[in-house]
Amino acid sequence: MKDSIVESVIKKYRERSELGITKYGVTLDRKDLSIEDWITHAQEEAMDLSLYLERIKQEIQILKEKKD
């Protein structure tokens, strides 16, 4: 038995990997970045995530206000 949600996420990871390889010409196996570089990349991604979440929260608030 396969979990359709897990399969969907796996598919998205594969697609994202292919996009990254096409766009940047490297994989995450690359050796040209230091540990600090990887941390910086992770921090930047986390900051982007927090911005996206805030945007979604604001959209939800707008929808709630329209509903009331």
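The legends below describe views of a predicted model, in which local features need pLDDT of at least 70, side-chain atom pairs count only at pLDDT 80 or more, and totals for chains, interfaces and linings use all residues. Residues are numbered from 1 along each chain as its sequence is written, and side-chain values use heavy atoms, with hydrogens and water left out.

**View 1. The whole protein.** The secondary structure comes to 2 helices and 0 strands, where helices (H or I, at least four residues) and strands (E, at least two) are DSSP runs numbered from the N terminus. The radius of gyration, taken over C-alpha atoms, is 18 Å, well over the 11 Å that the globule rule (2.2 Å times the number of residues to the power 0.38) gives for 68 residues, so the protein is more spread out than a compact globule. Its C-alpha atoms fill a box of roughly 55 × 40 × 20 Å along the principal axes.

**View 2. Helix H1 along its length.** Spanning residues 4-24, H1 has 21 residues and reaches 30 Å from its first C-alpha to its last, close to the 30 Å expected at 1.5 Å a residue, an expectation computed as 1.5 Å times one less than the number of residues.

View 3. At the N-terminal end, Asp3 caps H1, with a side-chain oxygen 2.8 Å from the backbone nitrogen of Ile5. Just after H1, Gly25 takes a positive phi of about 75 degrees.

Definitions and conventions:
A polar contact is a pair of N or O atoms within 3.5 Å; within protein, one must be able to donate a hydrogen and the other to accept it, and residues adjacent in sequence count only if both atoms are side-chain atoms.
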